[in-house]
Amino acid sequence: MGALSKNLFEKFTYSSSIVKGQRHALEPGFVPDRLPHREEEAEQLAEILSPSLKNFKPSNIIIFGKPGVGKTSVVKFVEAEISKAIQSRLDVKIKLIDVNCGIVDNPYGVLVAVGDGLLESWEEKLPFTGWPLDKLYSTVLDKIKSFGGIAIIILDEIDRLVKKNGDSVLYQLLRINEVTNEGRVCILGISNDLRFTEYLDPRVKSRLIEETMVFNPYNASQIYDILRDRSLYAGIADSIDESAMKTCAALAAQEHGDARRAIDMLRIAVELTEKSNELRILDDTIYEAKKKLERDVVVETVSTLPLHSKLLLFSISLIDEIKNGVSSTMGEFYDLYEKVAERMSIGSLTQRRVADIIGELTNLGLIDSKVQSFGRYGRTTTVSLNYDSSKIKDILLSDELLSQLKDVKPMQKSLPDS
DNA sequence: CATCCACTGGAATACCGGGTTC
DNA sequence: GAACCCGGTATTCCAGTGGATG
């Protein structure tokens, strides 16, 4: 250890020569009080929700749009405005209830979230498991009644909820307005998927979707404006090259106009610049940040995989190494996976389950897979790695449990049979 | 057009955390 | 407090299905 510093945290709290404003303006979850290129949408949403300020139930609404196009930001912004507007008014009763269906994606959880959102301070929270659904539903209903105002339920990533569980919860929530008049429910859904309504029962669909808003992806110049704005919040505008900002916007625009990604890239560029004690953010820094961001995403997704997914991925990358990138078949990697599992003395999963895990890994973008028919010789899924097998293996082997597989070498023949 | 391999949808089972009943 | 109810999640079990090649 070096010389004792004045304070352990000193080096983490230093005031940066680059960031002269609010650092968290570049972090995910920051809700700005300006929304460049989303002013109209914010206004439109406010208009749709405005009846609530006169104690009328606003229309239910679904907001569609790809990731990073400002859906959540606009909603959060409008939520904050509503809160401000009703702050000193006793004549309106509005509750805003946020539910992130990416996290709570089951009917029980959603009902609990709604119930807890209506909780008075002295009341106890609902149990997160245990109750029969109908009892849970009727207590939530009672809470709405006793609240007596308008509950605006914001279901972020509503498409996930519906894809996984169907529309039963939505049906129940919508039904509240028919069962009682002593409290009303308004649903505001946010969806990444334009087609999720296909999963809905027509009756639910027509009641849920009274209004629709579609957020289009940002183009490069709009992302540029957003970055410019954020850099003002963060106080980094002086330290960033004009062309670097343009590059950052252009790169993000290429990928579905995702502003979140652009901001992530900018944040990482700032961090890189600070680390290297540079004073200006240049084009190169942005490219470097882009690479780091991609690398980080892979490390993050791979290292948080469940054990069996990791073992499977390990087997796939071994085979990839043997066959030099040529895709492998279910038979091949399943056999190897079984042996790897045996070596770690844990039971292996069924082929059925493995097929599903392959699907999950494919959705994560780690591998590519497709079913291929070889006619007389049957049908199978073939998979290929999307990343360098040695990189994937490195990440996997850094897992404590998998480290015992370090010595497993790819060989031409598979491991000796039992 | 039969055949082969395993894909695939769905029902069944096991287990978990937690409430409820007696 | 043991035994049972409840919903969620992970996995297995089963049987029906797909599709190009030989």
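**Protein around DNA strand B**

Q: Which element gives the most residues to the surface near DNA strand B?
A: This is a predicted model, with local features needing pLDDT of at least 70, side-chain atom pairs counting only at pLDDT 80 or more, and totals for chains, interfaces and linings using all residues. Residues are numbered from 1 along each chain as written, and side-chain values use heavy atoms, leaving out hydrogens and water. Near means that a heavy atom of the residue lies within 4 Å of the strand. With 3 residues, the top contributor is strand 8.

Q: How many residues surround DNA strand B?
A: Phe128, Lys135, Met330, Arg352 and Arg379 are the closest ones. The surrounding set counts 17 residues.

Q: What is the distance from the side chain of threonine 380 to a phosphate oxygen of DNA strand B?
A: Polar contacts here are pairs of N or O atoms within 3.5 Å. Threonine 381 uses a backbone N or O atom, 3.0 Å from a phosphate oxygen of DNA strand B. For threonine 380, a side-chain N or O atom sits from a phosphate oxygen at 3.2 Å.

Q: Which side chain has an N or O atom 3.0 Å from a sugar or linking oxygen of DNA strand B?
A: The partner on the DNA side is a sugar or linking oxygen. The side chain in question belongs to tryptophan 131.

Q: How far apart are the C-alpha centres of domain 1 and domain 3?
A: Bounds come from an automatic or database domain assignment, which puts domain 1 at 38-215 and domain 3 at 305-405 of chain A. Their C-alpha centres are separated by 40 Å.

Notes:
Chains are lettered from A and ligands numbered from 1 in the order in which they are written. A polar contact is a pair of N or O atoms within 3.5 Å; within protein, one must be able to donate a hydrogen and the other to accept it, and residues adjacent in sequence count only if both atoms are side-chain atoms. Helices (H or I, at least four residues) and strands (E, at least two) are DSSP runs, numbered from the N terminus.
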